[in-house]
Amino acid sequence: MFPEDDVARDSPRRDGEYDGRARFCGVSGEALDTFELTAEARAARWIDRASPHEQRGITQIELWCVVLIIGTLISLLLPAIQACREIALNTRCQHHLLQLGLAIRNYETFHGRFPAGVVEPGGPVRNVPIGYHHNWLIAVVPWIDPVPARLIRADLSVYDPPNLEMLATEEHCDWILRCPSLRYTSGASPSYAGCHGEEDKPIDENDHGVFIRNRFLPPDEITDGLSHTIFLGEKLPFGLEWGWLSGTRATLRNAGLPLEKFSHGTPPPHDSHAVSTEEIIRIIQNPEREDVHRFWTSCRDDRGVWGVPPDVLARIPEGPATTPAVKQALLEILGSLPEGGPIIGGFGSAHPGGVNFLFGDLSARKLRFDIEQKVLRSLAHRSDGEGTDDALR
């Protein structure tokens, strides 16, 4: 230690400066300034040497560790994100069903009865674009979107040119008729259909569902109760469909077939989604020979849809399907279709876990894909007395 009398400590003034120059063992002020600067530089170098990681990059091992951690976190988050996304899509789908259900109940409140599934005086309805074929959806359109309701010609068939022109504008009601999970579909066919019965058969007035041919059922004929009777359900495209105006398999289905599941990971077993609305309208108005052969196929597809035998196909004359000769030939074909294959088709969904259905009490519920066929048919039957809530758990 240095003698106390050789060290003079400066006392700070009020303005922050020191009263005098430091005297350190007789060292002059200029030398002391140089010493202070040198000490500060050395202290800065010591600080730099004390934190070497701030001056050099990371190694490849450290980089790959960071990448691995980030990838692991992303892999853990993706399933949760996908599950949340599917929940949102499923909620939107059920909301669409509820909107259609509200329109149906508004129709029932105004008229005192539910709309008919299809209005057709010419006998049971198959998937053939011949006839009047005004459906339940046309009846409730005024409560969904008044614009197409004013454009639809009730005095003409849905396959006549004025109504086909309206069908070509797919934006009408498209937002509410499309399931958000069916992104691959195109054309003017909806994703929802009314239930006409518990058997896969041509749509007729003796069916046991709510939306059947030429009958406007009052609520008291649904003796099973509205909460135990299926009104609407999701459907998957099934062969050629003739648009949301048509009271065929495009807007009516049944519970005679098991619920069908569509997987986005594999292509659909048919190409009905590739048929645009313009092509469907062209087929209806002027079915050329290759078009007739395309949708009156002479074989069974992957779903077992029966087509037209070649000898019957040869009897179809050339010309528009609206001409009397072609109409008569196509009507004769109806009696030539073999039994055993799907006629109208059942319900299906692209949602995992099941199919969304709308019941008469305006409750949207999901039925599992593996639901027993007996229970599904019971829920589609309006008056069999066997509906039960246990089937929905």
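Trainee: In which helix does histidine 96 lie?

Mentor: Histidine 96 belongs to helix H2, residues 60-111, where a helix is a DSSP run of H or I with at least four residues, a strand is a run of E with at least two, and both are numbered from the N terminus. This is a predicted model, in which local features need pLDDT of at least 70 and side-chain atom pairs count only at pLDDT 80 or more, while totals for chains, interfaces and linings use all residues. Residues are numbered from 1 along each chain as its sequence is written, and side-chain values use heavy atoms, with hydrogens and water left out.

Trainee: Why is histidine 96 called buried?

Mentor: Its relative accessible area is 5%, and buried means under 20%, with exposed over 50% and partly exposed in between (1.4 Å probe, protein chains only); histidine 96 is therefore buried.

Trainee: Which residues is histidine 96 in contact with, leaving aside its neighbours within four places in sequence?

Mentor: They are Trp175, Ile176, Arg178, Pro180 and Tyr192, contact meaning heavy atoms within 4.5 Å. With one of these residues there is also a polar approach, in that a polar atom of the histidine 96 side chain lies 2.9 Å from the backbone oxygen of arginine 178.

Trainee: What makes the rings of tyrosine 107 and tryptophan 143 a pair, and of which kind?

Mentor: Rings of Phe, Tyr and Trp (its six-membered ring) pair if their centres lie within 6.5 Å, and planes under 30 degrees apart count as stacked, over 60 as edge-to-face and the rest as tilted; by this rule there are 6 aromatic pairs. In the pair you name, the centres are 6.0 Å apart and the planes stand at 80°, so the pair is edge-to-face. Tyrosine 107 lies in helix H2 and tryptophan 143 in the loop between helix H3 (136-140) and helix H4 (146-151), so the pair ties together parts that are 36 residues apart in sequence. Tyrosine 107 is buried at 7% relative accessible area, whereas tryptophan 143, at 35%, is partly exposed.

Trainee: How do you know what kind of pair phenylalanine 211 and phenylalanine 231 form?

Mentor: Their ring centres lie 5.8 Å apart with the planes at 90°, so this pair is edge-to-face. Phenylalanine 211 lies in the loop between strand S5 (192-195) and strand S6 (230-234), and phenylalanine 231 in strand S6, so parts 20 residues apart in sequence are tied together. Phenylalanine 211 counts as buried at 0% relative accessibility, and phenylalanine 231 is buried at 2%.

Trainee: What makes arginine 365 lie over the face of phenylalanine 359?

Mentor: The rule asks that NZ of Lys or CZ of Arg be within 6 Å of the ring centre and within 35 degrees of the ring normal; arginine 365 is at 4.1 Å from the ring centre. Arg365 is also on the covered face of strand S11 (residues 364-368), together with Leu367.

Trainee: How do you know that strand S10 and S11 are joined?

Mentor: Two strands pair if DSSP finds at least two bridges between them, and 5 bridges join S10 (residues 354-359) to S11, the two running antiparallel. Among the facing residues, asparagine 356 stands opposite lysine 366, and glycine 354 has arginine 368 as its bridge partner. The two strands form a hairpin with 4 residues between them, and leucine 362 in the turn has a positive phi of about 65°.

Key
Polar contact = N/O pair within 3.5 Å; in protein donor to acceptor, adjacent residues only side chain to side chain.
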